[in-house]
Amino acid sequence: MISYEFIHKFSDVIFVGLFFVNNKLLKTMSNSSLPNYLEYKGKYKGIFAWIFSTDHKRIGLLYLYSIMGFFIVGAILGLLMKFELIAPGKTIMEAKSYNAVFTLHGITMIFLIVVPGIPAIFGNFFLPILIGAKDVFYPKLNLLSWWLYIIGAAVAISSQFMNGASPDTGWTFYAPYSFRTQSNVLPALIGAFILGFSSILTGLNFIVTMHRMRAPGMKWLKMPIFPWTLYGTAWIQLLATPVVGITLLMVVAERVLNIGFFDPALGGDPVLYQHLFWIYSHPAVYIMILPAMGIISEVIPTFARKAIFGYKAVVISTLLIAFVGYFVWGHHMFTAGMSGTSLFAFSFLTFLVAIPSAIKIFNWMATLYKGSILLRTPMYWAVSFLFVFMIGGLSGMVLGALSINVHLHDTAFVVSHFHFIVFGGVGFAFFAGIHYWFPKIYGKMYDAAWADTGWIVFFFGFLLLYTPMFYLGIAGMPRRYYDYVPEFHFANILSSFGAFIMIAGLAIIIINLFRSAKRGKKAESNPWAGKTLEWTIGSPPIVENFEEIPEIK
Amino acid sequence: MEETKEHKIVSFKTYIIILFLLISHTALSVFVTQIDLGNLSVIVALSIAALKSLLVFSFFMHLLYDKRMYAFMVAGVLMVMTLVLIITFLDYGF
């Protein structure tokens with residue numbers, strides 16, 4: 001039987017390994033007459049030159065390697081679940097192990113990867129460059145955010161190594177189970193609380209940076225779309241994250257002090273927990289998806305050789321999604337026993353938030369229309385993003401309908417829906433972004449043939465993995481079960497097979513990028529003929545990005 | 001980059017007046033607890049607290065003298081919070 005625990009023991013090894021590979025990469029890079037951020041000799045040497053650097057680009061890469069390390073762990077956990085589900089009954093693990101694996105998979109993927117993901121990596125690296133600034137407004141606070149991220153991750157993961165069982169609540173920590181279970185929920189909660197601080201500080205930093213550090217002439221409506229989406233995201237990070245922080249502390253207080261916030265036996269209300277949790281965790285979906293939309297809004301115009309269609313509409317829809325996204329959390333609770341008024345209000349608001357999302361889709365399509373389309377790896381990812389995101393979005397509409405939701409709630413359909421949105425949306429946009437900005441980040445080009453192969457294998461595996469789960473959910477297979485009736489066997493085999501293919505695609509992509517960063521051909525400063533500011537500077541960029549702050553006309 | 005506006009120097013006298021108002025409103029909020037206002041008591045207590053917050057925002061945090069945009073940003077945050085509370089209580093009030 002495969003124990004999931006051995007994987008966590010190696011997660012640190014993977015993380016340190018990524019740093020090691022990075023340092024190896026750096027020795028091979030030197031392609032500018034001015035010291036670029038990779039060559040710059042600062043106060044510290046070796047790994048300390050990274051973990052104590054306040055350069056936004058180095059911090060962006062710190063996040064990239066940390067998040068990639070955790071992502072590999074999270075993906076392996078997901079693969080283990082698919083191994084278990086390849087046949088009915090026990091396959092490789094017990095039911096309790098399965099509970100712990102999906103909990104850790106969820107906590108890792110949500111709190112450590114997709115929530116910080118794009119803003120922390122590409123936001124940190126490119127926001128100052130895209131608005132013509134030398135750094136973020138608070139560089140030290142930026143570094144503190146990364147440290148808090150690492151500390152939060154370490155505390156959350158420590159729950160696996162302490163005495164007692166691994167957390168088994170799911171990433172949602174629902175009351176009353178979360179304060180009754182004997183598993184190590186406390187460190188997981190405290191870890192998530194600390195991670196929240198990291199998120200808040202990053203959001204605050206981005207808001208102040210965009211208000212105070214835009215280059216002369218860069219009016220708000222001249223900003224590229226990616227910074228706009230980071231702006232909407234930053235406000236959500238700032239306003240919604242404290243709510244989950246307090247909520248997680250309330251669960252801690254409930255476990256330790258028996259206060260009675262959520263415990264019905266003490267006069268508490270478990271549904272209140274769900275309200276408080278989703279007041280953050282639904283907007284968190286927009287923390288994840290808005291910057292992903294920002295990347296797509298950069299990639300599509302570049303490779304369609306056109307300005308984005310309806311710039312203002314895209315900007316307004318970004319802000320509308322951020323705003324309306326605050327008020328739809330109740331659609332996670334349609335079967336929790338809410339009042340009829342609440343059900344109606346949340347269902348209505350859920351349908352409402354689809355409008356600005358659809359505006360974006362139509363604008364991207366209109367940008368492609370009559371464009372001189374250049375099909376390169378980032379564009380493949382961007383176009384496939386449109387495909388999977390629309391499936392994810394439209395299945396969300398299905399779930400937003402009150403009556404159907406009763407049937408589909410807590411089934412594999414929901415799992416498929418949010419993987420199409422979160423993994424399909426954020427993951428595909430992330431890969432679009434890394435293939436788009438890779439030449440800028442490392443000053444090297446990747447092997448396009450392998451990159452395209454990785455994309456098609458990943459895309460096919462992704463569809464094969466998650467599409468059968470729509471069917472399984474409609475047929476009645478509940479989520480978070482390690483067993484199922486024989487009727488569901490074939491669809492589960494397809495899904496597990498898809499997972500293996502997807503992981504193979506992922507391996508191709510990651511190996512290709514690492515190899516290319518080390519041995520790739522030297523990249524031009526503007527290989528895609530992009531129009532935004534990052535393409536006007538050298539690759540890799542110099543320490544403070546610009547020798548002189550550019551003036552935007 | 002946005003132009004940096006010079007900070008207004010608020011007079012010592014103004015700060016003392018605001019401090020006095022905050023203390024007197026604190027006393028007032030304690031005092032009204034002695035009176036039985038029924039359902040209104042929560043509204044009165046929250047109104048006094050809101051007024052005090054407004055004074056702190058406006059004078060101590062300089063929103064009154066700074067760019068209007070910052071006042072809008074704070075107002076926007078408060079509006080979002082209010083809406084979240086109202087929508088949450090749709091589940092409890094009806």
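Contact here means heavy atoms within 4.5 Å. This is a predicted model, in which local features need pLDDT of at least 70 and side-chain atom pairs count only at pLDDT 80 or more, while totals for chains, interfaces and linings use all residues. Residues are numbered from 1 along each chain as its sequence is written, chains are lettered from A and ligands numbered from 1 in the order in which they are written, and side-chain values use heavy atoms, with hydrogens and water left out.

Start with A:Thr209. This residue sits in helix α9 of chain A, residues 185-212; helices are DSSP runs of H or I with at least four residues, numbered from the N terminus. A:Thr209 has 0% relative accessibility and so counts as buried (under 20% relative accessible area; exposed is over 50%, partly exposed in between, with a 1.4 Å probe and protein chains only). Leaving aside residues up to four places away in sequence, A:Thr209 touches A:Leu127, A:Ile131, A:Asp135, A:Val136, A:Phe137 and A:Arg214.

A:Gly164 is exposed, at a relative accessible area of 59%. The loop between α7 (139-158) and α8 (177-180) of chain A holds A:Gly164. Its C-alpha atom is 6.5 Å from that of A:Asn184, although 20 residues separate the two along the chain.

Now turn to helix α6 (residues 117-130) of chain A. Its axis comes within 10 Å of that of helix α10 (residues 225-257) of chain A, and the two cross at roughly 130 degrees. Axes are lines fitted to C-alpha atoms, for helices over the stretch in contact, and angles run from 0 to 180 degrees between N-to-C directions. α6(A) and α10(A) are therefore oblique to each other (under 35 degrees is roughly parallel, over 145 roughly antiparallel, 65 to 115 roughly perpendicular, the rest oblique). From α6(A), the contact takes in A:Ile118, A:Pro119, A:Phe122, A:Gly123, A:Leu127 and A:Leu130; from α10(A), it takes in A:Phe226, A:Pro227, A:Leu230, A:Thr233 and A:Gln237.

A further pair is α4 (residues 56-84) and α5 (residues 95-114) of chain A. These helices pack at about 150 degrees, with axes 9 Å apart. α4(A) and α5(A) are therefore roughly antiparallel. On the α4(A) side, the contact residues include A:Phe70, A:Phe71 and A:Met81; on the α5(A) side, they include A:Tyr98, A:Phe102 and A:Leu112.

Chain B is divided into domain 1 (10-61) and domain 2 (66-94), with bounds from an automatic or database domain assignment. The C-alpha centres of these two domains of chain B lie 20 Å apart.
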